[in-house]
Amino acid sequence: MEDIDVPGGADPIANESVATAGEVGDTSGASVSREVYSHSRLSSFENCPRKFQYRYLWKVPAESESIEGFVGKRVHEVLEKLHRTADAGRIPTLPKVLWRFQQMFDDAYDATNVRIVREGTPLSFYRELGEHCIANYYHDHYPFDRDQTLALEERVTLDLDGSGRYRLQGFIDRIARAPDGAIEIQDYKTSARVPSQRQLDEDRQLALYQMGIGARFGEGKPVRLVWHFLRKGRTLVSTRTPKQLEALRTKTRTLIDRIREERVFAPKTSALCGWCEYREGCPASPNRSGKVEPYSRPPAGGKRPAPDGTHKDQLAFTFGG
Ligand code: SF4
């Protein structure tokens with residue numbers, strides 16, 4: 001999943017692909033059964049309830065995308081292609097892989113939408129950063145026969161208590177069978193910061209994925225959670241006991257209940273505001289330029305009729321009073 005390197009750690013909103021499906025239209029009981037949560041959605045609430053409100057309840061379109069998130073997405077796309085090609089018996093050379101990265105970068109890059117937060121940093125820096133991540137991974141895994149790919153960008157879903165009230169989903173970068181028969185849930189990170197082992201042992205994202213895959217890739221097989229920190233060329237591993245997974249299940253349900261009960265969605269300002277995709281319209285943001293009217297609550301019902309009479313999510317908010 002994509003990862004953004006921002007001060008203080010990975011930006012929780014980087015994994016937009018994880019959070020797009022499902023519906024968190026409002027917090028009323030009527031829509032509860034349609035809600036599908038994800039790790040990034042939960043993280044968004046934990047890091048700043050106001051941002052959660054903008055994104056998932058008011059459905060305010062993002063003002064921009066950070067360059068770090070943009071590069072992370074391209075790196076993930078290239079690594080997926082690399083594995084698909086290598087698994088088909090055609091191992092591309094590193095120059096070919098980097099060329100593909102450049103091509104995907106250029107095709108997707110939109111200077112009007114992608115924002116470089118660290119002023120004065122040239123675009124070439126981020127391009128080279130992506131190349132560096134890919135080269136590290138390539139050198140570390142060539143000739144890509146150390147394990148067996150079972151799935152790439154695999155969607156997993158999870159119903160925490162079987163009632164349909166606590167549904168989650170996510171996309172796993174890669175699932176592999178290791179030589180010792182263990183199933184590995186692998187995640188690519190492009191952030192500079194490498195968490196401590198202790199932090200990874202408490203990480204929620206991959207542990208939820210472990211619950212999500214259940215016995216799909218082998219009943220009774222040990223499961224390892226594996227993070228590839230591409231920028232540093234480091235791989236870290238963690239495992240969970242059934243008891244730890246059960247505790248996470250309970251904790252996650254409690255968090256979802258808390259989100260549902262939330263009514264204030266107070267802003268939580270931090271260094272992350274500089275990377276926030278709502279920093280221009282959020283009244284609490286220390287990074288407003290004043291060019292955008294502050295966001296305000298959408299009309300009752302959450303959605304405003306489009307000119308053609310339909311209701312569209314992108315119209316579910318207003319500017320100004
Ligand atoms: S700018 Fe800061 S306070 Fe406002 S929504 Fe974004 S993260 Fe929250």
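1. Arg41, Ser44 and Phe45 of helix α2 meet Pro49, Lys51, Phe52, Arg55 and Tyr56 of helix α3. Contact here means C-beta atoms, placed from the backbone, within 7 Å. By class, this contact has 4 nonpolar, 1 polar and 3 charged residues. Ala, Val, Leu, Ile, Met, Phe, Trp, Tyr, Cys and Pro count as nonpolar, Asp, Glu, Lys and Arg as charged, and the others, Gly among them, as polar.

2. The model is predicted; local features need pLDDT of at least 70, side-chain atom pairs count only at pLDDT 80 or more, and totals for chains, interfaces and linings use all residues. Residues are numbered from 1 along each chain as its sequence is written. Helices (DSSP H or I, at least four residues) and strands (E, at least two) are numbered from the N terminus.

3. Helices α2 (residues 39-47) and α3 (residues 49-57) pack with axes 5 Å apart, at about 135°. Axes are lines fitted to C-alpha atoms, for helices over the stretch in contact, and angles run from 0 to 180 degrees between N-to-C directions. The two helices are therefore oblique to each other. The cut-offs are under 35 degrees for roughly parallel, over 145 for roughly antiparallel, 65 to 115 for roughly perpendicular, and oblique for the rest.

4. Helix α8 (residues 205-213) crosses helix α9 (residues 242-261) at roughly 105°, and their axes come within 10 Å. That makes α8 roughly perpendicular to α9. Ala207, Gln210 and Met211 of α8 contact Leu245, Leu248 and Arg249 of α9. These residues divide into 4 nonpolar, 1 polar and 1 charged.

5. Now the ligand. Of the 14 residues around it, Cys48, Cys273, Cys276, Cys282 and Ser285 come nearest. A residue counts as near if its C-beta atom, placed from the backbone, lies within 6 Å. The shell divides into 8 nonpolar, 2 polar and 4 charged residues.

6. Check the loop between α6 (123-141) and β5 (148-159), where Pro143 lies. The Tyr142 to Pro143 peptide bond is cis, with omega near 5°. Phe144 lies in that loop between α6 and β5. Its phi is positive, about 60°, although Phe144 is not a glycine.

7. Confidence next. The protein chain averages a pLDDT (the predictor's confidence in each residue, from 0 to 100) of 85, and 83% of the residues score at least 70. Over residues 1-32 the pLDDT is below 50, with 88 contacts in the model beyond near neighbours in sequence. Residues 303-321 also stay under 50, with 30 contacts beyond four places in sequence. Where pLDDT is low, predicted coordinates should not be read in detail.

Key: Contact = placed C-beta atoms within 7 Å.
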